[in-house]
Amino acid sequence: RAQEIALGRPSPLRLSATQALATGLLPPAISRIEAQIGATPLQIRSAAPEEVVHAVLNCTAQWGISSLPLEHKGLNIHWIGQASCVLVLPEGDPLADMDCVPLHKLRDRRVISLANRYRLRHRLDHAWAQALPKVPAPLIETNSSMNAQAAVRAGLGVAILDPVTVLGAPLQGIVVRQLNVDIPFYFGVISPQALTLPPILHALNAALITTASQTLPGFIHHAATAHADLIRLMYADPSPQPCPGCGSAQ
């Protein structure tokens, strides 16, 4: 940084995001404000959700976007997004003929799922428990939705994933379908309380909301104050809700 100051170079904007959000939402959002960014260098680091939070808390990142939960002393939450998870199938799969797939249709299928049981995986497991007497097996676990897509494309199974990567950066050889139950994926934008957010990052927040609204069907924008209520919903055990685009959850 001392060298950058000596040479008159601007300080880079340091962004941290989970792989799904760094792949599916962040690049098109940045492209919306490219003129405002100008010559300002960007550093984008993808990491696990807990590592994103840690980077922002320690100010090694000025801004982060990650799945919930995010509330932590020392963080500012700017806004929260919500969108329904989707089913990912290999091309040619018989279920691809359906626009909306009942969860029980996956009873005898090998399922590829996310490994972090404290975030989206908790909601996935609860949905399985409500729809089926037992979780389908064998189960392949991964820490990346891109890995899961690649496994589906290779014919290793089917996957229920956050819609961000699947719709924002889909792989060839897969198809995406709605499920008959709503499994919400929550994510939010954070920054260190100790730092004042520069105008360019306020612009990035607005660009992300626009990008999510146009990319994710049924996207819901929540204020930061909704965090506590959304966390209670995440870890509660409600009856499965029907997907807004499919009707009944049964």
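**Chatting through the strands and helices**

Q: Let's start with β9. Which residue stands opposite Val158 there?
A: That is Val111. Keep in mind that this is a predicted model.

Q: How do β7 and β9 pair, parallel or antiparallel?
A: They pair in the parallel sense, over 2 bridges, with β9 covering residues 158-161.

Q: And how many bridges join β7 to β8?
A: There are 4, and those two strands run parallel as well, with β8 at residues 139-142.

Q: Are the side chains of β7 buried or exposed?
A: Val111 and Ser113 on one side are buried, and so are Ile112 and Leu114 on the other, leaving both faces of the strand covered. In a regular strand, side chains alternate between the two faces of the sheet.

Q: New topic! What is the strand order in the open sheet of 6 strands?
A: The order is β2-β1-β3-β12-β4-β13, with mixed pairing. The edge strands, β2 and β13, each pair on one side only. From one strand to the next, the twist averages 20 degrees.

Q: Which helix lies across β1, β3, β4 and β12?
A: Helix α5, residues 49-57, running at about 155 degrees to β3. Helix α9, residues 199-215, packs on the sheet too, and its direction makes about 30 degrees with that of β3.

Q: Last one: where is confidence lowest, and where is it highest?
A: Strand β14, residues 241-242, is lowest with a mean pLDDT of 60, while β13 is highest at 97. The chain averages 86, and 82% of the residues score at least 70.

Conventions
Residues numbered from 1 in each chain as written. Predicted model: local features only at pLDDT ≥ 70, side-chain atom pairs only at ≥ 80, totals over all residues. Heavy atoms only, no water. Pairing = 2+ DSSP bridges. Axes fitted to C-alpha atoms, helices over the stretch in contact; angles between N-to-C directions. Contact = heavy atoms within 4.5 Å. pLDDT = per-residue confidence, 0-100. Buried < 20%, exposed > 50% of the residue type's maximum accessible area, 1.4 Å probe, protein only.
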